[in-house]
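This report describes the salt bridges of one structure.

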Amino acid sequence: MKIRLGPDGTHLFDRRTGLNVLLNEIAPPEREWSAAPRQVSIAVTNACDLACSYCYAPKHRAVLDKSRLLRWIDELDQAGALGIGFGGGEPTLYRHLPEVCAYATVNTDLAVTMTTHGLRWNADLSSRLRGTVNFVRVSVDGVGRTYERLRGRSFTHLRSALETIAGDFQWGLNAVINQDTVGELDAIVAIAAEYGASEVLLLPEQPTANTTGAGEETVRVLKSWVGTYSGTIRLATSSETELGVPLADALPREVGLRSYAHIDASGTARTSSYAPGGVRVGEDGVIAALKQLAQVEAA
Ligand code: SF4
C-alpha cells in the first residue's frame, strides 16, 4: 500500500482495490507532510472530436510533451500523490496515452484514472490500456435523444463503448446536470447499473462563455432527487457542490492544493480545471510550480 502523510494523519491507499485506511492517531509533524496534492488531474491534450456547448476545456491547440509528463508523474509519486487522472480535451486522442499509463503503473504506485467521452473505445484501445488504468470515468449526459442532442453522437454507439469499457475496467459514469438532463437522473443511474458502473458522479453544469450553467431550479430538483435516492450505486459530486445531504469528510484538514491540483495541456498548474490563473510548470518541476501557486493563492 502507498503511504501518504498529512495534517489528518497517516493515509494508506491501495490503488488496485481503492481501499483507503486513515490512521488518524498517527499524526506526522508538518515537516513530514507529503508535498504533492492527494490527486492531480492532467489534461494531456486540448483536442476533442466533440463540441459540447457547455465544455469549459480551452480550445487552443495544446498537447503535453511525453517526456515532461513522465518526469512529472515520477515527481508526483515520490512527493506522495495517491493518484493522477488524465483528461483533456479527450485523452484517448493523445497518442502516447497507452505508453504513459503503462509507465505510471510499472514505475510508480499512483492510481491511474481517466475521464473520457468513451466513444473511441474499442477492443484495440481496451487491449492497449488494460491493466494500466485503475478507473475510467465516462461522460454520459442524459440518455437516448437527450444524449444525442447534447453530445452529437449516437447513443447506440455509446452503449457499445460502455460494454467494451465495462468488460476490462472498473468504471464510473460522469453526468453534467443541467435543465436537459436533470429530469433523466433515474435513467442515467439505470444505464450506469446496466453496465456495472460503481459510481455516478453528478456535476451541476458550470457557466461557460456559451452557457449559463445549472440554474437554481435545476439544482433544487437535483438536491430533491438525491435526497430520495435509494439505489445501490454510489453517488458522488465535486467538492464545490452542495447537495444538501450529510457527507463524511475523513480528511477535513487536507484542503485546497493539499487535496487537489490540475495541470492543463499547456503545462500550467491550476487549482482547478476552470480556475482562471495558474503557474507554468518549469524546469524545476511540478512541485516547485505548485508551491508557487500556493503562495499566489495565499497572497
Ligand atoms: S467531450 Fe468533453 S472535452 Fe470534448 S467537447 Fe465535450 S465536454 Fe469538451
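## Terms and basis

A residue is called buried when its relative accessible area is under 20%, exposed when it is over 50%, and partly exposed in between (1.4 Å probe, protein chains only). A salt bridge is a side-chain nitrogen of Lys or Arg within 4 Å of a carboxyl oxygen of Asp or Glu.

This is a predicted model, in which local features need pLDDT of at least 70 and side-chain atom pairs count only at pLDDT 80 or more, while totals for chains, interfaces and linings use all residues. Residues are numbered from 1 along each chain as its sequence is written, and side-chain values use heavy atoms, with hydrogens and water left out.

## Buried pairs

The structure contains 14 salt bridges. In one of them, Asp264 pairs with Arg270 at 2.8 Å, N to O. Asp264 and Arg270 are both buried. Salt bridges with shared partners also link Arg4, Arg38 and Glu254 into one network.

Strands (E, at least two residues) and helices (H or I, at least four) are DSSP runs, numbered from the N terminus. Arg4 is buried at 2% relative accessible area, and Glu254 is buried at 7%.

## A pair between helices

Lys66 and Glu99 form a salt bridge at 2.6 Å, N to O. Lys66 lies in helix α1 (residues 66–78) and Glu99 in helix α2 (residues 97–107), so the pair ties together parts 33 residues apart in sequence. Lys66 is partly exposed, at 24% relative accessible area; Glu99 is partly exposed as well, at 42%.
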